[in-house]
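Me: I have a model open and would like to learn how to read its features. Can we go through it step by step?

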Amino acid sequence: MNLVFLGPPGSGKGTQAIRLAEKSGLVHLSTGDMLRAAVSGKTELGQKAEGYMTRGELVPDELIIAMIEELVKAGRLDGGFILDGFPRTIPQAEALKDMFAKHGTRLDMTILIQVADEEIHARLRKRADIEGRSDDNDEVVRHRLEVYREQTAPIVEFYEKEGILTEIEGEGTPDEVFERLVTATA
Ligand code: AMP
């Protein structure tokens with residue numbers, strides 16, 4: 001099964017994607033994790049991406065698309081996957097569609113985890129306290145939510161038109177959300 005997870009920052013999509021990957025054996029690929037590793041490793045990509053990430057902006061499409069293209073070419077997505085954090089823009093969604101068409105990969109389902117804005121702010125503040133992520137302070141959080149609304153939310157409609165969008169309610173405990181997710185993907 002080939003899945004894409006969508007949802008605003010703080011929707012819990014990362015946590016849920018990891019849990020579903022553990023249960024199902026699908027490969028979990030988080031572009032945020034890959035970029036943070038590139039930043040820590042001081043790779044060329046990491047150096048280019050760091051400023052955007054700290055400001056809560058999206059890393060330019062061409063860098064991210066090239067990163068995903070390498071994974072596709074290397075066959076990392078061939079045994080079933082959960083893409084978490086990609087695509088994040090319409091050009092990324094279109095590039096993914098082209099890459100998959102060439103590679104013979106089909107996207108089965110796009111899962112949108114829905115959470116109200118107020119709940120998201122509360123969760124992100126908590127995460128900032130616990131994890132100390134440099135992009136979780138209040139101002140950057142606000143900016144990341146704006147970026148989500150402006151650049152990422154339009155891809156919900158993109159996948160709706162493709163007929164592969166499933167929405168799940170992201171409020172409640174992580175266990176409750178996971179149960180909904182398992183039902184939706186069964
Ligand atoms: P995340 O962990 O998914 O919230 O990603 C953390 C940061 O990495 C984002 O705020 C962006 O700066 C960057 N990032 C992750 N995925 C993408 C993507 N698909 N396109 C552009 N930037 C991304």
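Me: At what angle do α5 and helix α8 pack, and how far apart are their axes?

Reply: Keep in mind that this is a predicted model. For a pair of helices, read the angle and the distance together. Here α5 and helix α8 (residues 154-162) pack at about 35°, and their axes are 9 Å apart. The contact is made by I90, A93, E94, L96 and K97 on the α5 side, and by P154, I155, F158, Y159 and E162 on the α8 side. Sorted by class, this contact of α5 with α8 has seven nonpolar, no polar and three charged residues.

Me: Which angle is found between α4 and α5?

Reply: Helix α4 (residues 61-73) and helix α5 (residues 90-103) pack at about 25°, with axes 10 Å apart. Angles under 35 degrees count as roughly parallel, and α4 and α5 are therefore roughly parallel to each other. Their crossing is right-handed. From α4, the contact takes in D61, I64, I65, I68, E69 and V72; from α5, P91, Q92, A95, L96, M99, F100 and H103. The residues of this contact of α4 with α5 are nine nonpolar, two polar and two charged.

Me: Are α1 and α9 parallel or oblique to each other?

Reply: Start with the angle again. The axes of helix α1 (residues 13-24) and helix α9 (residues 174-185) come within 10 Å and cross at roughly 55°. α1 and α9 are therefore oblique to each other. The crossing of α1 and α9 is right-handed. Q16, R19, L20 and K23 of α1 meet P174, D175, V177, F178, L181, V182 and T185 of α9. That contact of α1 with α9 has six nonpolar, two polar and three charged residues.

Me: Next, the ligand. Which of the 15 residues around the ligand come nearest?

Reply: They are T31, R36, E57, G85 and Q92. To read a ligand site, look at which atoms face each other. An N or O atom in the side chain of T31 is 2.8 Å from a nitrogen atom of the ligand. For Q92, a side-chain N or O atom is 2.9 Å from a nitrogen atom of the ligand. With E57 the backbone is involved: one of its N or O atoms lies 2.6 Å from an oxygen atom of the ligand. Q92 also belongs to the contact of α4 with α5, on the α5 side.

Me: Which two residues does a cis peptide bond join?

Reply: The cis bond joins F86 and P87, with omega about -5°. P87 is in the loop between β3 (81-84) and α5.

Me: What phi does K42 have, and where does K42 lie?

Reply: K42 is not a glycine, yet its phi is positive, about 50°. K42 lies in the loop between α2 (31-40) and α3 (44-55).

Methods:
Residues numbered from 1 in each chain as written. Predicted model: local features only at pLDDT ≥ 70, side-chain atom pairs only at ≥ 80, totals over all residues. Heavy atoms only, no water. Axes fitted to C-alpha atoms, helices over the stretch in contact; angles between N-to-C directions. Helix = DSSP H or I, 4+ residues; strand = E, 2+ residues; numbered from the N terminus. Parallel < 35°, antiparallel > 145°, perpendicular 65-115°, else oblique. Left-handed = near helix turned anticlockwise from the far one by under 90°. Contact = heavy atoms within 4.5 Å. Nonpolar A, V, L, I, M, F, W, Y, C, P; charged D, E, K, R; others polar. Near = heavy atom within 4 Å. Polar contact = N/O pair within 3.5 Å; in protein donor to acceptor, adjacent residues only side chain to side chain.
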